[in-house]
Amino acid sequence: MSVGFSETSLVRIELPTISPDIPYVVDDCSLAFQLGYRTKTLWWVLHDKESHYTVHKIPKKKRGFRVIHAPSTFMKGFHRRLHTKFLVPLQNQLGSHVTAYRKGLSTRHAVLQHIPPCEICDSMEKGETPKKHACPRKGTVIQMDLQDFFGSTRRSWIRNYFKEQGYNHYTAGLLASLLTVDDIPNQKPRKQRRKDEPEEFTGVPQGAPTSGAICNLVADWRIDHLIMDYLEELNEKMQLEGDWRWRYTRYSDDLCITCGKNVSVQDKREICNRVTRIIQKAGYRINPKKTRLGHAYYRKTLLGMVFNDKPNIPREKYLKYRAMVHNALTQGIESQYKRAGFKTPEAYLDHLRGNVNYIIQVIEQSNKDRAERLQIELELAVENFEEAQKEQPWVSNA
């Protein structure tokens, strides 16, 4: 006589296929465990997100304002764990065409990709290069800019992106809710809005530690691969190979497309229109005021650098900060900060240090002597200021 169930059945459960590089999460409990918080804390953050941000409206140079969501101390730590656990492994899988918000990469890496090698230009001294020779650096330059990059990245896009990574709908929705806020102001002019379009919507806050990384990942998934596929079609159609091929990079919201061949203005406009349609179909908007169809015989600029032959700083900017460092060294920082429009000498010194260090980072390989001279003069100016502070502490009149 048999004891037990007379019939048995086997139920097969298919687990989601999630990349081993990112945490295996299937619900709110496992998500809270991976972040190192209690499930109750996770839901408290989800239900009370807006109270953890301080909203600042900073006026832009020309028109409108920029909305900054400054997270609280707790929210900043929460987002840093999100960034380390979930976003950094995904960013490491991105191609070299994306250099923003990635450790070890900078604007210089983006610019270098648009300077192909040329045997004649690299082997000859400046001034000895023949004016007319086949050089892949004297080609086509197309620059475009995405409008409202952070605010236009919607919650539904982020949820669908995480679903592509293998997470289920519920978990992807939780991650998307943690990375967005519900009070992003609509940057569209009133004439361009639909009647049912709200004044505020759910988007990525500009100011959180995770914002740059998640916008990078979503933009790469929605537009970058489509644009690169289109450029590959152009390479086959125009029979371009090697250093003459079309290149594409995106640094945050700045898009740059270059080619070793100098195509006609009509072809440039056609390429620009095709890329614009790809971007608009994905849900982003192009800022038409920042679209440039360049010619390589003029000065090519990208991300604040000149890149005709090598990454460099515009001459007027270098001369400006060289003069500021010289005046700070010879006349003292205390006599210069009001002239430059700063309230305290410490604020002026921070501004000077930041810009000079950026200039040195760009020109240290191409103009090593200039970089060393600028570095030495800045260090001497800082030493003189610190010694003056010890002898007689400076009291700001602001």
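The structure is a predicted model, in which local features need pLDDT of at least 70, side-chain atom pairs count only at pLDDT 80 or more, and totals for chains, interfaces and linings use all residues. Residues are numbered from 1 along each chain as its sequence is written, and side-chain values use heavy atoms, with hydrogens and water left out.

**Charged patches**

Begin by selecting Glu 379, Glu 383, Glu 386, Glu 387 and Glu 391, which form a surface patch of negative charge. A patch here is made of residues with over 30% relative accessible area and no salt bridge, like charges being joined within 9 Å and nonpolar side chains (Val, Leu, Ile, Met, Phe, Trp, Tyr) within 5 Å. Lys and Arg count as positive and Asp and Glu as negative, while His and the chain ends are not counted. Each charge is placed at NZ of Lys, CZ of Arg, CG of Asp or CD of Glu. Accessible areas come from the Shrake-Rupley method with a 1.4 Å probe, and for residues only the protein chains shown count as cover.

Helices (H or I, at least four residues) and strands (E, at least two) are DSSP runs numbered from the N terminus. Glu 383 has 43% relative accessibility and counts as partly exposed; the classes are buried under 20% relative accessible area, exposed over 50%, and partly exposed in between (1.4 Å probe, protein chains only).

Next, select Lys 60, Lys 61, Lys 62, Arg 63, Arg 66, Lys 289, Lys 290 and Arg 292, which make up a positive surface patch. Lys 289 is located in the loop between helix H9 (265-282) and strand E8 (292-295), and its relative accessible area of 72% makes it exposed.

**Cysteines**

Across the whole structure, the search finds zero disulfides. Cys 135 is buried at 4% relative accessibility, and Cys 256 is buried at 1%.

**Salt bridges**

The whole structure contains four salt bridges, each defined as a side-chain nitrogen of Lys or Arg within 4 Å of a carboxyl oxygen of Asp or Glu. Glu 232 belongs to helix H8 (residues 211-238) and Arg 245 to the loop between H8 and strand E6 (247-251), so the pair ties together parts that are 13 residues apart in sequence. Glu 232 is partly exposed at 37% relative accessibility, as is Arg 245 at 26%.

Move to Arg 299 and Glu 316, which meet in a salt bridge at 3.2 Å, N to O. This pair links distant parts of the chain, 17 residues apart: Arg 299 is in the loop between E8 and strand E9 (301-302), and Glu 316 is in helix H10 (residues 315-331).

**Backbone angles**

Finally, select Tyr 101, a residue other than glycine with a positive phi, near 60 degrees. Tyr 101 occupies the loop between helix H3 (73-91) and helix H4 (107-112). Leu 303 also has a positive phi, near 55 degrees, and is in the loop between E9 and strand E10 (305-306).

How values were computed:
A disulfide is a pair of cysteine sulfur atoms within 2.5 Å.
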